[in-house]
Amino acid sequence: MLSEKMTEALNQQINKEFYSAYLYLEMANYYADESLDGFQNWFNVQAKEEMAHAMLFVNYLLDHSCHVNLEAIAKPGQTYNDYKAPLEASLKHEKEITASINNLYELSVQDNDYRTRQILDWFIREQYEEEVNAQNLIDRYEIFGEDKHALWEMNQDLLARTFVEPTIA
């Protein structure tokens with residue numbers, strides 16, 4: 001049985017994951033407005049991943065007969081002045097989500113909640129991957145972003161990204 005504190009914390013994480021999806025949709029829309037459909041695709045896939053992460057937490061709570069409390073999702077409201085700004089903002093955001101997952105893990109340790117710790121192990125690995133992917137995108141942009149042809153090539157590469165439904169094994 002999940003503690004009341006853990007149930008509340010997981011509900012807050014659900015909101016953070018859905019906010020992440022909103023944030024990435026906003027970034028995708030920025031790139032759409034700039035006619036960079038590859039970057040748009042990359043962030044649309046990222047948004048789908050975040051929605052799937054939220055649903056993993058929703059299902060976890062439901063599997064444990066806990067109430068899912070969906071709160072309002074804050075409007076991201078970001079503005080970007082150049083192509084690199086959303087990339088940097090996404091890395092910053094992923095680091096914030098990593099910190100949130102780490103806090104959940106700490107709570108699971110305090111609660112001796114081994115079952116929740118197991119699902120959080122997956123999210124810890126996932127957050128490592130998310131941060132690496134965001135940093136790699138920044139690194140690639142820094143190498144190629146100023147050259148219009150190279151930016152076009154990078155944009156074309158990002159069109160190939162597809163969504164894969166995550167599973168916790």
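This is a predicted model: local features need pLDDT of at least 70, side-chain atom pairs count only at pLDDT 80 or more; totals for chains, interfaces and linings use all residues.
Local features are reported for residues with pLDDT of at least 70, side-chain atom pairs count only at pLDDT 80 or more, and totals for chains, interfaces and linings use all residues. Residues are numbered from 1 along each chain as its sequence is written, and side-chain values use heavy atoms, with hydrogens and water left out.

Helices here are DSSP runs of H or I with at least four residues, strands are E runs of at least two, and both are numbered from the N terminus.

S35 sits in the loop between α1 and α2 and has a positive phi of about 60°, although S35 is not a glycine. S65 follows α2 and belongs to the loop between α2 and α3; its phi is also positive, near 55°.

Turning to the interior, in soluble globular proteins nonpolar side chains tend to be buried together. A nonpolar core is taken as a set of buried Ala, Val, Leu, Ile, Met, Phe, Trp, Tyr and Cys residues joined through side-chain atoms within 4.5 Å. The largest such core has 23 residues, of which Y31, F39, F43 and L87 touch the most other members. At least two residues of this core come from each of α1 (4-33), α2, α3 (84-110), α4 (114-144) and α5 (148-158). Helix α1 supplies the largest share, eight residues. A second, separate core holds 22 residues, including A9, A54, L104 and W122.

With contact meaning heavy atoms within 4.5 Å, and with neighbours within four places in sequence left aside, L87 is in contact with Y31, F39, F43, L137, I138 and Y141. Y24 in helix α1 is buried, at 1% relative accessibility. Beyond its neighbours within four places in sequence, Y24 is in contact with F43, Q46, A47, E50, S90, H93 and E94.

Charged pairs come next. A salt bridge is defined as a side-chain nitrogen of Lys or Arg within 4 Å of a carboxyl oxygen of Asp or Glu, and a search of the whole structure finds five. K84 and E142 form one of them, with an N to O distance of 2.7 Å. This pair links distant parts of the chain, K84 being in helix α3 and E142 in helix α4, 58 residues apart. Both ends are partly exposed, K84 at 22% and E142 at 46%. Together with E88, these residues are linked in a network of salt bridges.

The bridge between E96 and K92 has an N to O distance of 3.2 Å. Both residues lie in helix α3, four residues apart, about one turn of the helix. E96 is partly exposed at 42%, whereas K92 is exposed at 55%. In a further bridge, the closest N and O atoms of R140 and D157 are 3.1 Å apart. R140 lies in helix α4 and D157 in helix α5, so this pair ties together parts that are 17 residues apart in sequence.

Aromatic residues complete the account. Rings of Phe, Tyr and Trp (its six-membered ring) pair if their centres lie within 6.5 Å; planes under 30 degrees apart count as stacked, over 60 as edge-to-face and the rest as tilted. The structure holds eight such pairs. The rings of Y30 and Y31 have centres 5.1 Å apart and planes at 65°, so they are edge-to-face, and both residues are buried. Ring pairs link Y24, Y30, Y31, F39, W42, F43 and Y80 into a cluster. A charge sits over a ring if NZ of Lys or CZ of Arg is within 6 Å of the ring centre and within 35 degrees of the ring normal; R161 lies over the face of W42 in this way, at 4.3 Å from the ring centre.

Note on methods. Buried means under 20% relative accessible area, exposed over 50%, partly exposed in between (1.4 Å probe, protein chains only).
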